[in-house]
Amino acid sequence: MKEKGVSKEEIKQILDDAKRKDFDYADGKILSSMCTPPSDFSKEIWGSFIETNLGDAGLFCGTKGLETEVIGILGDLLKHKDARGFLVSGGTEANIMALWVARNGAMREKPEFIVPETAHFSFEKASDLLNMKLIKAKTLDDHTVDLKDVQRCINDNTVAIVGIAGNTEYGAIDDIEGLGDIAIENNLHLHVDAAFGGFVAPFLEGLGYSEKRFDFSIPSVSSITIDPHKMGMSPIPSGCILFRDRTFLEHIETSSPYLTEKKQFTIIGTRSGAAAASTYAVLKAFGREGYRENVRNCMELTMRLYGEIKRMGFEVKKPVMNIVTFDHDKINMIAEKLTNNGWAISRTRKGEIRLVIMPHVKSSSIDNLIRNLNEINNALKRI
Ligand code: PLP
């Protein structure tokens, strides 16, 4: 650090230069991200709560009240108003917390948990941090977990099973009801990772798409991850973990003697109150209607893109959510050409191209992408 401070103008110049090197959501070329620009209203609110700390909630009772309201609204969305939980930094932290609760609640010497092989890599981190063995269950053709294989993976050390409502690579929703039956039979914690799908799945049926139950209406669901900073339109970092009731939290209670509240239940100590205020603002401003419209727009573009990709002869399955994943025997070449044309795309573990159609992706972007894919496809046919 230099002895003397630098002028604000000089600093702003450096910051502007740095930002210019970033991709810009407004260009409509980011098709790899599960995040999107937050709503303008939530951005406006963020600044006024910037100094609030939910880790010392006695000092910020008003902001803590907003977090409680957010938990209530999200519990209601996921069909259990009385759910208890916290705003956290994102899906990774929420998933780790769920397994932390499951591990401490079960008290096995060598705890294990089962995830679908499609699970997000945050579960690898959870496994390592919590010293829990991670077992991957096979998936079916539709990318949902194979219940028979989950049964097969269970043993005396199993403490939890995880189902995904909107998996990262395909957007598929596991058979959570089926997993629920297995959880009851074997007395296991059932965690649902709806980090992405939590703000999508509840609105699909009302829009004429098929919906699968995935939430607390299934009695054996113990906890759910849902991320406001993905399809919830709230600023990063806004994740959320919900537990069915308070008894789950007791397994991770830590005393915090020098703070205004003498107990904590989160991994992180100092937590952003701005996340609570901004998430509250966007949830209230949007209402169910606003989120339904958001999902409607994303799904319409997704289905148009899917139809065109199918027509071009690529290997593609009908999307369940706003993710289109496709394959081709020259997939590496296609990915390279798309990247060279400025598209930010991503690849699945198997190498397929994965496109996430978030609210920042507009109809004109999809038109451009389809045109580009057609050109690439025609060029491939001439090779
Ligand atoms: N779970 C799922 C299904 C996800 O798709 C993601 C991220 O994309 C995560 C968890 C991790 O979320 P975060 O990156 O906010 O930690």
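**Pocket, rings and loops**

Analyst: Strand E11 gives the largest share of the lining of the largest pocket, five residues. Keep in mind that this is a predicted model.

User: What volume does the largest pocket have?
Analyst: About 510 Å³.

User: How many residues line the largest pocket, and which lie nearest its centre?
Analyst: The lining has 24 residues. Asp142, Lys317, Lys318, Pro319 and Val320 lie nearest the centre.

User: Which elements give two or more residues to that lining?
Analyst: Strand E10 (315-316) and strand E11 (323-327).

User: Switching to aromatics. How many aromatic pairs are there?
Analyst: The count is seven. Take Phe113 and Phe123: their ring centres are 6.4 Å apart and the planes are at 50°, so the pair is tilted.

User: Where do Phe113 and Phe123 sit in the chain?
Analyst: Phe113 is in strand E2 (residues 112-116) and Phe123 is in helix H5 (residues 122-130). They are ten residues apart, and the pair links distant parts of the chain.

User: Are Phe113 and Phe123 buried or exposed?
Analyst: Both Phe113 and Phe123 are buried.

User: And what about Phe203 and Tyr291, how is that pair arranged?
Analyst: Phe203 and Tyr291 are stacked. The centres are 6.3 Å apart, with 20° between the planes. Phe203 comes from helix H8 (residues 201-204) and Tyr291 from helix H10 (residues 273-311), 88 residues apart.

User: Why does Phe203 count as buried?
Analyst: Because its relative accessible area is 3%, and the cut-off for buried is under 20%. Tyr291 is buried too, at 4%.

User: Which residues do ring pairs link into a cluster?
Analyst: Phe199, Phe203, Phe286 and Tyr291.

User: Which charged end sits over the ring of Trp343?
Analyst: That of Lys29, 4.6 Å from the ring centre. Trp343 also turns up among the contacts of Leu31.

User: OK, Leu31 then. Where is Leu31, and is it buried or exposed?
Analyst: Leu31 lies in the loop between helix H1 (8-21) and helix H2 (40-48). It is buried, at 0% relative accessibility.

User: What is Leu31 in contact with, leaving aside neighbours within four places in sequence?
Analyst: Trp343, Ala344, Arg354, Leu355, Val356, Ile357, Val361 and Leu369.

User: How far is Leu31 from Glu300?
Analyst: 15 Å in space, C-alpha to C-alpha. In sequence, Leu31 and Glu300 are 269 residues apart.

User: What span should H1 have, and what does the model give?
Analyst: At 1.5 Å a residue, the 14 residues of H1 should span 20 Å. The end C-alpha atoms are 20 Å apart, which agrees.

User: Now H10. Is Thr279 in that helix buried or exposed?
Analyst: Thr279 is in helix H10 and is buried, at 1% relative accessibility.

User: Which residues touch Thr279, leaving aside neighbours within four places?
Analyst: Thr279 is in contact with Val70, Pro228, Ser234 and Ser238.

User: What is phi for Lys79?
Analyst: Near 65°, a positive value in a residue other than glycine. Lys79 sits in the loop between helix H3 (61-77) and strand E1 (84-88). Lys79 is partly exposed, with a relative accessible area of 48%.

User: And Met107, what is its phi?
Analyst: Positive as well, about 50°, although Met107 is not a glycine. Met107 is in the loop between helix H4 (91-106) and E2.

User: Is Met107 buried or exposed?
Analyst: Exposed, at 71% relative accessible area.

User: Last one. Where does Asp245 lie?
Analyst: Asp245 is in the loop between E7 and helix H9 (246-249). Asp245 is partly exposed, with a relative accessible area of 29%.

User: How far apart are Asp245 and Asp82 in space and in sequence?
Analyst: 7.0 Å in space, C-alpha to C-alpha, and 163 residues in sequence.

How values were computed:
Residues are numbered from 1 along each chain as its sequence is written. This is a predicted model: local features need pLDDT of at least 70, side-chain atom pairs count only at pLDDT 80 or more; totals for chains, interfaces and linings use all residues. Side-chain values use heavy atoms; hydrogens and water are left out. Rings of Phe, Tyr and Trp (its six-membered ring) pair if their centres lie within 6.5 Å; planes under 30 degrees apart count as stacked, over 60 as edge-to-face and the rest as tilted. Helices (H or I, at least four residues) and strands (E, at least two) are DSSP runs, numbered from the N terminus. Buried means under 20% relative accessible area, exposed over 50%, partly exposed in between (1.4 Å probe, protein chains only). A charge sits over a ring if NZ of Lys or CZ of Arg is within 6 Å of the ring centre and within 35 degrees of the ring normal. Contact means heavy atoms within 4.5 Å. The expected span of a helix is 1.5 Å times one less than its number of residues. On a 1 Å grid over the protein atoms alone, a cavity is a set of points where a 1.4 Å probe fits but cannot get out, and a pocket is an open set with protein on both sides within 12 Å along at least five of seven lines; lining residues have an atom within 4 Å of a point. Grid points are joined across faces, edges and corners, and a volume is the space filled by probe spheres set on the points.
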